[in-house]
Amino acid sequence: MKRKIITTGDGSKTIQIEEWNEQYHSKHGAVQEAYHVFIKHGLSLFKDEPISILEIGFGTGLNAIITAIEAPKSNLNINYTGVEAYPVALEEVSQLNYVEQLKAKDFEDVFTKMHKANWEVNEEVLPYFNLLKREQNFLDITDKEAYNLIYFDAFGARVQPELWTEDVFAIMYNALKTNGVLVTYAAKGSVRRAMLAVGFKVERLPGPPGKREMLRASKL
């Protein structure tokens with residue numbers, strides 16, 4: 001499918017799949033969305049501890065680089081697993097302006113290192129940030145009670161409804177430790193019901209720019 005780089009509402013870039021009219025991030029602002037959904041309502045719940053994060057849809061690496069920037073502020077040591085079925089090409093990554101938009105020039109080499117890191121190999125990107133990238137279909141995830149936090153950043157249910165089912169959220173529930181949390185930009189009623197059906201406690205929270213609501217699910 002044809003892909004192109006577009007500029008979102010906050011000046012940060014993302015990848016658009018033209019055939020689907022779908023983007024890797026919100027057209028209203030890629031960086032704004034990532035901070036609101038995954039940092040404000042996910043990462044910020046944790047302080048002064050080592051945590052394991054699973055990202056569903058490693059994609060452009062935006063959530064990973066923001067997590068690496070924010071982790072020291074809460075004294076976090078991160079083991080980060082990014083699962084991606086269709087890795088983004090390095091030539092596309094080179095056109096993304098996240099480090100510039102984040103005003104994080106010191107992390108430019110870190111962002112490059114994340115994308116050049118070998119797949120299926122656990123690599124130390126920073127002294128407090130280990131990265132494991134897995135090229136894998138989300139339905140093939142078999143981790144059990146391994147993660148404190150899941151960033152669920154798959155393509156939307158409009159174009160890939162199979163990624164937002166009870167089967168998938170059962171896999172996510174099993175992958176989380178007790179008191180673990182899953183955050184996603186999605187807010188559809190069908191998604192919330194699928195989460196509830198597999199045992200999650202689900203909260204509706206204010207959404208990022210351009211969305212009224214988002215969901216946060218907890219494994220109690």
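The second largest pocket of this predicted model has a volume of about 200 Å³, a pocket being, on a 1 Å grid over the protein atoms alone, an open set of points where a 1.4 Å probe fits, with protein on both sides within 12 Å along at least five of seven lines, and its volume the space filled by probe spheres set on the points. Of the 14 residues that line this second largest pocket, those closest to its centre are Leu96, Val99, Glu108, Phe111 and Thr112, where lining residues have an atom within 4 Å of a point. The largest share of that lining, 5 residues, comes from α5, while α3 (90-93), α4 (98-101) and α5 (108-116) each supply at least two residues; helices are DSSP runs of H or I with at least four residues, and strands are runs of E with at least two.

The largest pocket has a volume of about 1000 Å³, and among its 44 lining residues Glu22, Ala154, Phe155, Gly156 and Tyr185 are the closest to its centre.

An open sheet of 8 strands runs in the order β6-β7-β5-β4-β8-β9-β11-β10, with mixed pairing, two strands being paired if DSSP finds at least two bridges between them. Because β6 (122-126) and β10 (201-206) each have a single partner strand, one side of each is left without a neighbour in the sheet. Strands β8 (residues 147-152) and β9 (residues 176-184) pair in the parallel sense over 5 bridges, and Tyr151 stands opposite Val183 in β9.

Residues are numbered from 1 along each chain as its sequence is written. Local features need pLDDT of at least 70 and side-chain atom pairs count only at pLDDT 80 or more, whereas totals for chains, interfaces and linings use all residues, and side-chain values use heavy atoms, with hydrogens and water left out.
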